[in-house]
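Hi,

Here is the structure I promised to pass on. Please open it, then read my notes below.

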Amino acid sequence: MNFTLKIWRQENAKAKGRFETYKVENISSDCSFLEMLDILNESLISNKIAHPVCFDNDCREGICGMCGLYINGRPHGNDDGVTTCQLHMRKFKDGETIWIEPWRAKAFPVIRDLVVDRTAYDKIIQAGGYVSVSTGGVPDANSILVSKDKADKAMDAAECIGCGACVAACKNASAMLFVSAKVSHLALLPQGKVEAANRVQKMVEKMDELGFGNCTNTYACEAECPKLIKRSNIARLNREWICARVGKEK
Amino acid sequence: MNLPKIASISRKILVACVGLFLLVFLLVHMGINLCLLRPDDGEWYSIACNFMGTNYIIKVFEVVLFAALIAHIIITVALQIQNWKARPVRYHQPSKSKTSAMSKTMIWTGGLVFVFLALHFVNFYFVKLGLVEGKYMIQTEHALSSSELQAKYMAYTQGKLSPEEMATFQTEMEAVQGLMIKAESEGLYSDDMKWIRNLSAEDVKPVEGIVEGIEPDFYNMAFELFGNKVYSVIYLILFVALAFHLIHAMQSAFQTLGLNHNKYNKFIEGFSWVYAIIIALGFAAVPVYIMFFV
Ligand code: HEM
Ligand code: SF4
Ligand code: FES
């Protein structure tokens, strides 16, 4: 397969970026999107055409959340429930022009080319996205009972890999789906419930502070999340917030 | 605009509560409008307007309503500005993510609703405030039996009026009589002679301060306004924008308040559509009726 690529190039955080056009030829339809970019980079290097295109990636199996490109108007490209590393070139038409952009959000500044700085997500987690107990030995399996329904919902929420596609997709660059997933998977379980009220307030306040937008319930996040995190988590986040605020002691 | 003291979710919850209140108000307002379609020469409609114009509970709610509307606009515009700022560099490619058109255009449909409200206030509400001239109506018994006029009449029959008072009383009586004659000859009486209606500003000027209970005649104002096709079409277009705003608004408010449940989501979505469409059709009924059937 052959493609024309329009790729955002930007030397550093301060530089003014631009789109560059590259052609790639003889790409296997089984190639992943990142492998296709590897092939492009090899040719850029060996033919001394340009500095290779920088992009983030690590596991390449859809679990680390490092990869993330805005491809033809959709985060992680034109497939549902996959990360960019799992996107295959057979999802594109032969000869297609593909626009590749970095995540765009004030809270995710571009570092270089297609790489953005997602420290903001780490800061939200640091603000309260954890359970502060000292881990001892493994407790007896049935000492804390969890209903199947809650366990399932918590596991679904815990699938979030922190890739940032929700922010990238949202017209408001809101991080509500991410924060709601993190708040939910802890609040649904007995161990996390203890600190739930404090956690939700700290994480939301941090989210606001970092310059993410406000959710207006358009659900672009849900449509683009590679882990299919549901909007019901955002409603749960809102409920947790209301309960925490109403019950807040002065 | 900056509202940093209130957290994003709290602001959203405020917008949702206020928005739901506005939604209920729209239903009441629509109900009153529909009275206008009853072929009773505006009897029910006038009773409703009279109630809304004079009841004290309603007067309190009027203030609450304005506060709610202003709060809604200020908060949503501030949120929207923040949201634009949250993505300083836009994407080159337009978004292809699956979302509803209504949810993405709230600020624009909201803006059109604002245009509508501004137009609507100039056309109707400002008449009530006396800022704009419209049409007026008077309850016939008020025209005749204003307490001041009665007192003067008593004094007159007992010969207690000074010559100056006599002169003013006479001109006042003439003004009232002039009004009655006009009403008689132009058929402005309605509802078993209970009301004199469809009076212009010039008609009521001579009796102002003499008779009590001069009220805006919204019934005839509506007929005059929507007799003008340009106005009718503008109103109808703005009702479409209102429908768009409300289709997303209702379900969004539920989500914002945390009311999301697999079992009821479809119902909430459907309810939101039905409510919005009923409101828009209900409002559109009046101009459509006047445009095509009068
Ligand atoms: C009678 C008129 C109106 C009604 C009944 C109404 C109702 C609502 C409701 C219920 C919401 C959803 C709130 C939420 O999900 O939290 C909403 C959102 C919104 N409204 Fe209105 N609205 C009206 C007029 C306006 C006007 C005049 C504007 C003008 C700027 C406006 C701008 C917005 C915006 C931008 C949103 C989205 C904000 C968000 O989701 O956070 N609305 N409206
Ligand atoms: S919620 Fe989904 S889109 Fe958002 S960061 Fe987590 S995995 Fe990525
Ligand atoms: S590289 Fe790890 S999720 Fe794509």
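H76(A) is found in the loop between β4 and β5 (97-101) of chain A. Helices (H or I, at least four residues) and strands (E, at least two) are DSSP runs, numbered from the N terminus. H76(A) is not a glycine, yet has a positive phi of about 65°. Most residues other than glycine have a negative phi. H76(A) is buried, at 0% relative accessibility (buried means under 20% relative accessible area, with a 1.4 Å probe and protein chains only).

This is a predicted model: local features need pLDDT of at least 70, side-chain atom pairs count only at pLDDT 80 or more, and totals for chains, interfaces and linings use all residues. Residues are numbered from 1 along each chain as its sequence is written, chains are lettered from A and ligands numbered from 1 in the order in which they are written, and side-chain values use heavy atoms, leaving out hydrogens and water.

N72(A) also has a positive phi, near 50°. N72(A) sits in the loop between β3 (70-71) and β4 (74-75) of chain A. N72(A) is buried too, at 14%.

Now the metal. H72(B) and H245(B) each coordinate the iron atom of ligand 1 through NE2, at 2.0 to 2.1 Å (donors are N, O and S atoms within 2.8 Å of the metal, or 3.2 Å for Na, K and Ca; water is not among the atoms, so sites may look incomplete). H72(B) lies in helix α3 (residues 56-85) of chain B and H245(B) in helix α11 (residues 229-256), so the pair ties together parts that are 173 residues apart in sequence. H72(B) is buried, at 16%. H245(B) is buried, at 13%.

Best wishes

Methods. Buried means under 20% relative accessible area, exposed over 50%, partly exposed in between (1.4 Å probe, protein chains only).
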